[in-house]
Every structure is written in structure tokens, then in C-alpha cells.
Amino acid sequence: MAEAHQAVAFQFTVTPDGIDLHLSHQAFTEIYLSGVRSWKKRIIGLKNSVITGVYPASPSSWLFVVIAILATMYTRSDPSMGLIAKIQEHLPVSQSMSNQCQTLVSAVLFSTMLWLLLIFTMRLCLKQLLSYHRWMFEKHGKMSTTTKVWVALVRIFSGRKPLLYSYQGSLPNLPVPATKDTVKRHLESVRPLMDDTEYERMTELSAEFESSLGKRLQWYLKLKALWATNYVSDWWEEYVYLRGRSPIMVNSNYYGMDFMYVTPTPIQAARAGNSLHAYFLYRRKLNKEELKPWMLRSAIPCCSYQFERMFDTCRIPGTLTDTVQHWQDSDYIAVYHRGRYFRLRMYHAGRLLSPREIESQIQKILDDPSPPSKGEAKLGALTAGDRIPWAKARVKYFSSGVNKRSLDYIEKAAFFVSLDDEEQGGMADDPTRLDSYAKSLLHGKCYDRWFDKSFTVVYFKNGKMGLNGEHSWADAPVLSHAWQYVLSMDCFQLGYNAEGHCKGEVDSSLPRPQKLNWEIPPECEEQISGSLAVAQALADDVDVHVFAFEEFGKGKIKRCRVSPDAFIQLALQLAHYRDQGRFCLTYEASMTRLFKEGRTETVRSCTSESSAFVRALEGGEAADVCRRLFQEASEKHQHLYRMAMTGAGIDRHLFCLYVVSKYLRVESPFLKEVLSEPWRLSTSQTPLHVEMFDIVNYPEYVSCGGGFGPVADDGYGVCYCALGENVLNFHVTCKHSCPDTGANKFGAQIRKALHDLLQLLCPNQTQVKKTEVKKDL
């Protein structure tokens, strides 16, 4: 219990001679240093708030305006056209203030108001400029004169050296599309999925909705858009994520994988030492807002609000709805190993622990022989099962005493860490190990991850690592940015010594990690077992297949003058048609972060054009005909993607109309049918932040990407990533319980479809030689 005593600042004993008081200087020192860190963060936050608040101007520009006004006044001119004199008249009369001093104060006040007016004008101009999206619809490499002028103006009004949140006040609000446009585009999207009779019925439902209830619902939605920052995001988070009562494991959470070809060190604790240190370096940059805002084409900013809840965040279960709780800067992480939970402080004597010190602390946890307390080993299964039993158990068994204290340590931690006793990772001669690796990250043993935390980092026995992300607080690209930063820092900045250990020395005075204590009653153990049974059945049903397609990549696709994303989406349409013999409603995630607090929109990738192309290719039509139809399908897909990015998608609009109808307690047959349509093919692309990696000189240092569970019981989930110019990586998921689907089977169809499309578009191109990389896995 030594670590428990270290957490107490003072101890006392009552004796016949009085009270014997013992102060813990170490504890008081830690309290003092924690306060210093907290105040430093507040000061930095205040400074950044000022800088962000006056952006695109800078605080120093205020002095420039004041000096300019004063200099003009000394030339006997009045730049204020009498306003300075008016301000001077209304200044409080003071006997100690001379007339000249009053004039000076009035000039400064006028200069400040002029400066604030200029800031407001610049921000308003920038907001209007960022509302222009015609540039996105121009052909690649062909920029109109209007767009060139627009880009120049954006750069002029954007200011210099922006912080992460500098553009937040200048981003436009997400527009509400016209109901008739949304209904029309929806009809277009379902045409290839319906026969004439079904389509005629849907047309009638659409017309009835548009002419009657749709107008009423649209009025309420426009009212919300005027009041709210984003008319979609809060409802999307609430109703799509937080109100779901089924397990979030597999159904909502997603995973990210380590490097595909290399493992920097085989030592589990060392890998944790470097990467955990890198995570806290990233958090420091995030808190200081030193991360660069995401920019499209190096000029157009994207919303950064999702970064705010990356660390120190946990999803809290509730009986009706969950909540996302975000705390202040936490100085520790929660660690799971062999059924035990630990609290590991990441700061000592006011400084962040070095990678070597973190490795030492992790090794202490790995070497700790203590057994888990009664009911502790599988406690994490509560976060993997249904939400209502977990919410009730949390209130009943974790609301007071030692259980509440230990649960608080987990939920308020910076993030969660799982030290896994298994070895995972892919091998060149055994691709199935990638499948096992992905399944382990997606659900593990169903109790060795804390699925409610914003993210869990998993370290395997052989030095491989990965993560599991909770989806409600942000979308995958945000967490992917941090993940790729950590991978880059791990290998190219921090590194390891010759023995594979972290570099640096260890402070011998570091306190041991604190083992958390629990008092789990038998009734709670029964609930844990029940949640584990639900989660285990879900995990066992998931079929996962991960493969790297190394025959060619986006480089060769671009040489065919085709968008790589459109190429892959059409390959998926072809593969699905061959696999299932039919077309299906297809979901492709697109971001709407060009708007304030934007998250995602849906690109309905199955179109009449893509269906016509697939039928022509499978029907043996001439190559020229197929190429023409492919080009039409590709252009249609790119147009839909651009429409989604610029706020003209249909699914978020229909979703919000449906929410309004529920608030008004009115039924809409049209909306009910639209919202019940299953997404049998759900797809997403993992972004690769190439600025963090030198893929040309180090092609082996590329991540495997990540994936997610299937959305429909009889469908597929497909996540893909372009690794450099010559490799495409795919993550395919489905359910064993569906006899018509199979992850490996669909993976084989994807490979064949990719080859067939390239052969159709570029029949004379020779096969690119596979990239030779070190495959030390």
C-alpha cells in the first residue's frame, strides 16, 4: 500500500501526548507543481484566446493603428472626422488630466475602435470569401481567372501564422439545402436500386412530402440554422452516436494499425515509452494551439473544433442517452494489464517523463505479480456490452467509495492504455495475421479495452501497437492526425538505442505506478458476465480481412487521368455486383469541415452511371463503350463528392428533417422509408498525412491504416488507404452470421476488380514493380 500513502499529503496519529502530525513533502511538492502547470495552461489559453480573437489581425497591429492615428493628428489633420473630439467631450472630467492627455486618451480609444472595426470587416470578408466553392467544381489543373483572384484575396485576408483555432470565427455556417433539391437528388440515388413500380411509388411519396410536410419541417430547420452554429452536428452526435443503446464496440468504435512492414523495437515497454511520450508532446502542441489548421490546397482552412476533446475525454453511459465528458488537463494515463488497472503519472517534478522513464514505469507494471482483485479482471466488459445495463451498474456500484475513486481515475485519464500479452502484426508469408491483428484492435477480448475512452492505445508483446477510437467526440481523420504524428515521432525523432530500449536516463526517485482498488459485489460480477456474453457474441460474429494491394497504387491510377477515389469506388461497385449479383445503397464518408463545426456527409456512390458501367462491363460491351461509361460514372462520383463537401449533400438534411418531425410528433412515410434504407456497403478512406513521413526514401514506414465494423448485418464495411504511390490497403469487415457475405471472398473480388479496371483504362501500361521494402514484422 506504499503507493496509496504517497497519494496522501499528511497523516496524523492521536497519542496521549497529543496529535503526531507527519507531512508528506513530496505530495505537497506535486500539488504545487500541478498548480503551476494548471496556471501556465490558463495563461497560454488566455494568450491564444486574444490572438485567435483578433485574427486575421495580430495584437501588435493595434499599436500600429494607434501610432498611425497619432502621427496623423500631429500633422494637424483629423483622421476621425470629429469623432476624437466627441469622445473627448464624453470623457469623465478629471482635474489631474490635462487637455493634451485627454486628447491622447481619446485618440487611443478611437484607434482601438477603428482597429476592432477593421478586424470585424476583415473577418466578415474572409467569411464571405470562404463561402465561395465554385473552385472545387473546376477541372483539376485548370483554374479560372475568378478562382485565381479568389485565392489571392483569401490569402490576403487570412493573415499570417494562424493558430489551430484561428479560422473558427471566419468559417461560414453550413447551408440548409432546398427541400426540392434534396428530394430530387434522393430519387436519383435510389433509381438504380428500384424497379419501375417501386420507383413510381417512391416518386409519389417524395412529391407528397415536398408539397406538404416538407415545407413545414424545412421552416423549423432554417430557424435552427439561424440560431445554431451548425444545424447538423449536435443532433448527429446526440441521435446517431450517444442515443444508441447497443454496444459501441464493433458497431461504432473503429481501429488504427501500426506500420505495415516494420516494427521499430520488439520490446513492448520501450515502444510504449516512446509513443506515450510522443502523445503528450502532441497534447502539449494541441493545448498551445501550435498545430497548423488543416488547409485544402494550402489556402482553404477547415474547421478544427473536433480537436478540443481528443484528450481527457470519456463517454459516460446513461439510461436514455450517453454524454461526452471532457475534463481539464490530466497528468496521468490509465493502464490495463492482466486484469489489473493502474494509474501512471506522466509528470514528475513539473516535467514530462522521458521516454526511458516511461519505459521503466511500464516495465514495472508488466513485472508486477499482484493478481487482480475479485471482479476486476473483466470489468472493462461493461463498456463493451449494451449501454443501459452499464449505465445502471455505474449508478448502483460505482457512485461512491473506492469504486468511484478508481473509476474516476480511468474516466478522467488523458487516455487509456492496454498492455496485451499476445503477439500481433502481419507477416509477408502469413497474411492472415493482419486479420487477427485487426480483430484484436477492433474488440480484443471484449474486456481488455476501455471502449468509452476517447481512444485506447494497445501495445502487444512483440512491440506492435494500435488504437481503438470512440466515435462520438470526433471523426477518424482527427485521431488519425495524432496517430500519424506519434508514429513519425517514434521512429524519426525519438528513436531507440542498439538494444531496442528508449534513449535517456531514469530518475530513481519516480514513484511506482498506482494500482487501482475495487470492491466488486457478486451482483455486479453477474452484470459484468452478462455484458461480456453480449460483447463476445458480437465479436465472434465479425469477419475481418486486411490486405495490401501492391500491384499498383494511386500513382498509376492518376496516370490514367482518373481520380483515385472514384477509381476505387467504382472498383467496389464492380466487386459488390460480382459478389452479390445486385446493386446496393452505398455509403462513402465525406467531410464538411469547410463549414464551422462540420463533421461528415454521405456520398451515395451507387449511381445510375456506375450501374450502367458495371452492367456494360459484365455484359461484354465493347471496350470503348465501357471506357465512356466509366468516365461518366467517375465524373458523376466526383460531382457528388464535391456537392457533399460544399453542403449540398442529401443525407444529413433528410436526417435533420426526420428529427424535426419527431419533435413535432408528426409521421412522414417518406422520411421513415428513407431513414430505414440499409447501407449494405459502407466505405471510407483513411487520410495519410504525407508531410509527416518521407515515403520516397522510407517506403516501409507507412501505416496499415484502419477500419470499422460492418454497418448492416448482411453488408460490408470497407476502409481503404493509398500508401504512397504504389500501394493500396483495404480493410474489409462483415458478419459470419450472414451466409451471403465473406470478408476474404469480397477481398478477392476487390483485387480482381482493380485489375480489370486498370486493364480497361490503360491496357498498354506495364505492371509497376512491387516496392521492395524491409518486411520485419
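Visitor: What makes Y279, F280, Y282, F311, Y347, F415, F455 and Y485 a cluster?
Guide: Ring pairs link these residues. Rings of Phe, Tyr and Trp (its six-membered ring) pair if their centres lie within 6.5 Å; by this rule the count comes to 40 aromatic pairs. This is a predicted model, where local features need pLDDT of at least 70, side-chain atom pairs count only at pLDDT 80 or more, and totals for chains, interfaces and linings use all residues. Residues are numbered from 1 along each chain as its sequence is written, and side-chain values use heavy atoms, leaving out hydrogens and water.

Visitor: Why is the pair of Y279 and F415 called tilted?
Guide: Planes under 30 degrees apart count as stacked, over 60 as edge-to-face and the rest as tilted. The ring centres of Y279 and F415 are 5.1 Å apart and their planes are at 50°, so the pair is tilted. Y279 and F415 are 136 residues apart in the chain, and both are buried (under 20% relative accessible area, with a 1.4 Å probe and protein chains only).

Visitor: Why is W219 called exposed?
Guide: Exposed means over 50% relative accessible area; W219 has 54%, so the word applies.

Visitor: How do you know that the charged end of K224 sits over the ring of W235?
Guide: The rule asks for NZ of Lys or CZ of Arg within 6 Å of the ring centre and within 35 degrees of the ring normal. The charged end of K224 is 3.6 Å from the centre of the W235 ring. R343 likewise sits over the ring of Y332, with its charged end 4.5 Å from the centre.

Conventions
Helices (H or I, at least four residues) and strands (E, at least two) are DSSP runs, numbered from the N terminus.
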